[in-house]
Amino acid sequence: MKSVLFGISSLALIFVFIFASSYYKEQRAEKLGFMVKENASTFVRQHSQTLG
Amino acid sequence: MPQSDQTSNANWTILFLCWLLVSVSTLGSLFFSYVMEFAPCVLCWYQRICLFPLVIILAAGLFPVDKSVVRYALPLAIAGWLTALYHTLLYSGIIPKSIQPCSMGVSCTEEYINLFGFLTIPMLSLLSFSAIIALLFIFKKRMSQ
């Protein structure tokens with residue numbers, strides 16, 4: 001019984017960590033994507049440099 | 001259930017709670033550094049050195065319940081607590097920043113999170129180590145009875 005409780009707790013901790021990690025990264029990607037869309041002009045160069 | 005079995009179960013539960021707290025703290029620390037990408041400072045690394053082995057040491061002491069686990073876990077927990085206390089005092093400005101050990105690289109006083117206006121990362125570490133030490137002392141006292 002004790003080893004079952006220990007095993008379930010270990011698995012639960014690992015799953016919570018994986019779920020929280022993916023959730024956080026998803027939220028951050030969404031937020032950064034939104035910021036990029038809002039300020040798209042920031043990423044457009046003023047001119048294209050021509051060499052040669 | 002005989003009383004000795006109940007006592008034994010209660011002791012196991014205390015040690016298990018201690019292991020659970022250590023595991024949550026370890027995963028929280030890893031979450032801050034690998035997921036939220038907060039660079040750990042030197043003092044954070046010293047606290048991690050004291051915290052991470054406790055996951056294995058306490059787990060080994062659970063099967064079967066070993067009262068001598070306190071001998072190995074308590075020195076690490078106390079060392080971690082002292083480092084966390086120093087880090088908290090440094091962070092809150094009680095210890096001058098001029099004597100901080102992390103003069104190069106990541107600053108020891110960099111504020112990453114501040115929950116409810118007082119819960120910073122060093123404070124979370126201090127609370128965690130305090131609870132671990134308290135549980136280990138309770139376990140030790142019960143086992144010596």
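**Note on the chain A–chain B model**

1. Glu37(B) is exposed, because its relative accessibility is 54% and the cut-off for exposed is over 50%. This is a predicted model.

2. The salt bridge. Over all chains, the count comes to one salt bridge. The pair crosses between chains. Arg28(A) sits in helix α1 of chain A, residues 2-38. Glu37(B) sits in the loop between α1 and α2 of chain B. How exposed is Arg28(A)? Its relative accessibility is 29%, so Arg28(A) counts as partly exposed.

3. The interface in numbers. On the chain B side, 17 residues are in contact with chain A; on the chain A side, 13 residues take part. The two chains bury about 1400 Å² between them. Carbon and sulfur atoms carry 80% of that area. Which residues of chain B lose the most area to chain A? They are Trp12(B), Leu27(B) and Val35(B), together 34% of what that side buries.

4. Polar terms across the interface. The rule finds one salt bridge between chain B and chain A. It also finds two residue pairs in polar contact, both at pLDDT 80 or more. On the chain B side, the elements that give two or more residues are α1 (3-35) and α2 (42-62). Helix α1(B) gives the most, with 12 residues. By class, this side of chain B has 13 nonpolar, three polar and one charged residues.

5. Fold of chain B. There are four helices and zero strands. Along the sequence the pattern reads α-α-α-α. The C-alpha trace spans about 60 × 30 × 25 Å along its principal axes. Chain B has 145 residues, and 42% of them are buried. Take the contacts in chain B with a separation of 6 or more: residues 24 or more positions apart account for 69% of them.

6. Ser33(B). This residue lies in helix α1 of chain B. Is Ser33(B) buried or exposed? Ser33(B) is buried, because its relative accessible area is 13% and the cut-off for buried is under 20%. Leaving out residues up to four places away in sequence, Ser33(B) touches Phe38(B), Pro40(B) and Arg48(B).

Definitions and conventions. Residues numbered from 1 in each chain as written. Chains lettered and ligands numbered in written order. Predicted model: local features only at pLDDT ≥ 70, side-chain atom pairs only at ≥ 80, totals over all residues. Heavy atoms only, no water. Contact = heavy atoms within 4.5 Å. Buried area = accessible area lost by both parts, 1.4 Å probe. Salt bridge = Lys/Arg side-chain N within 4 Å of Asp/Glu carboxyl O. Polar contact = N/O pair within 3.5 Å; in protein donor to acceptor, adjacent residues only side chain to side chain. Nonpolar A, V, L, I, M, F, W, Y, C, P; charged D, E, K, R; others polar. Buried < 20%, exposed > 50% of the residue type's maximum accessible area, 1.4 Å probe, protein only.
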